[in-house]
Amino acid sequence: MDMSEEKHKAMGEKQPKDQTKAQASGWLFLRRPPAVLDPIRRLFEPPRRLIEPYVKKGQVVADLGCGSGYYTFALAELVGPEGRVYAVDLSEKGIQALEKKVDEGGYHNIEAHASSASDVSFIKDRSVDFVLANGLLCSMADHRESAVNEIKRILKSTGQAYLSLGFPTPLGLVDQAEWEKILEGFRVKRRGGSLEKWAVVSVKPEVV
Ligand SMILES: C[S@@+](CC[C@H](N)C(=O)[O-])C[C@H]1O[C@@H](n2cnc3c(N)ncnc32)[C@H](O)[C@@H]1O
């Protein structure tokens, strides 16, 4: 599949040919929540509450699958002007909406990229303190393994990543077996119970 086809999928513009009907209908739910609902979302999911324990002033962080920036701006405030936030999403529309808010809010520490999380080569190896991948992997129609490898590549040895799946299969695209396989590739520091698909992970120490 070429990149433009993948982009169409992410934006829900065309029903994917290679997915089951349930997955395809689930896709609609997996599109980022419209930004207009953010005030309601803030009531039960205040963005700082999730990320505050992991992010410090001056750090470099990556918000992969950032949508229109629900967490991006909270990350930018936490890292402050000396820090940097890479905001990455496959959806050009999402990134355009985010860039508008970046300009309006005068944020100088957010670098937005319309790109697949499966190739974030604009981020250097071992340069990121914290990766947020909230609802990303379960929304990726394919190339999930590459995205996981990119997270491992960009994380510092002291860095951490918060991975979460928004929906179980068939709505989400990652089943339990794949989730376990993804986590096996990391050092898992914390994770949710059997029904909660989130984990805080770091890279495994390299075998020499
Ligand atoms: C469930 S939304 C989560 C958005 C955001 N992280 C949040 O918590 O509000 C999933 C996001 O992943 C994006 N996405 C899907 N496939 C992607 C890919 N291959 N690379 C980067 N982003 C992708 C979608 O465009 C969507 O914005």
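Me: Which residues are buried in helix 5?
Reply: Thr72, Phe73, Ala74, Leu75, Ala76, Leu78 and Val79. Buried means that 20 or more other C-beta atoms lie within 10 Å of the residue's own; with 12 or fewer it is exposed, and in between it is partly exposed, the C-beta atoms being placed from the backbone.

Me: What kind of model is this, and how is it numbered?
Reply: The model is predicted: local features need pLDDT of at least 70 and side-chain atom pairs count only at pLDDT 80 or more, while totals for chains, interfaces and linings use all residues. Residues are numbered from 1 along each chain as its sequence is written.

Me: And where do the helix and strand numbers come from?
Reply: Helices (H or I, at least four residues) and strands (E, at least two) are DSSP runs, numbered from the N terminus.

Me: Why is helix 5 largely enclosed?
Reply: Seven of its eight residues are buried, so the rest of the structure largely encloses helix 5.

Me: What covers the buried residues of helix 5?
Reply: The cover includes helix 4 (47-51), helix 6 (92-105) and strands 1, 2, 3 and 4.

Me: What comes just after helix 5?
Reply: Gly80, with a positive phi of about 75 degrees.

Me: Now the sheet. What is the strand order?
Reply: The sheet is open and has seven strands in the order 3-2-1-4-5-7-6, with mixed pairing. Two strands pair if DSSP finds at least two bridges between them.

Me: Which are the edge strands?
Reply: Strand 3 (110-114) and strand 6 (186-191), each of which pairs on one side only. On average, neighbouring strands of this sheet are turned by 20 degrees against each other, direction ignored. For angles, axes are lines fitted to C-alpha atoms (for helices over the stretch in contact), and values run from 0 to 180 degrees between N-to-C directions.

Me: Which strands does helix 5 touch?
Reply: Helix 5 (residues 72-79) packs on the sheet and touches strand 1 (60-64), strand 2 (84-89), strand 3 and strand 4 (128-134). Its direction makes about 165 degrees with that of strand 2. Contact between two residues means that their C-beta atoms, placed from the backbone, lie within 7 Å.

Me: Do strand 6 and strand 7 run parallel or antiparallel?
Reply: Strand 6 and strand 7 (residues 198-203) run antiparallel, joined by five bridges.

Me: Strand 4: how many of its residues are buried?
Reply: Seven of its seven, which leaves strand 4 mostly covered. It pairs with strand 1 in the parallel sense over three bridges, and Val61 has Phe130 in strand 4 as its bridge partner. Strand 4 and strand 5 (residues 155-164) are also parallel, over six bridges, with Val128 opposite Leu155 in strand 5.

Me: What do strand 4, helix 7 and strand 5 make?
Reply: A right-handed β-α-β unit. Right-handed means that, with the strands pointing away from the viewer, the path from the first strand over the helix to the second runs clockwise.

Me: Last topic, His143. Where is its place?
Reply: In the loop between strand 4 and helix 7 (144-154). His143 has a positive phi of about 60 degrees, although it is not a glycine. It counts as partly exposed because it has 18 C-beta neighbours inside 10 Å.

Me: What is His143 in contact with?
Reply: Leaving aside neighbours within four places in sequence, Ser116 and Ser118. Ser116 is 27 residues from His143 along the chain, and their C-alpha atoms are separated by 8.9 Å.
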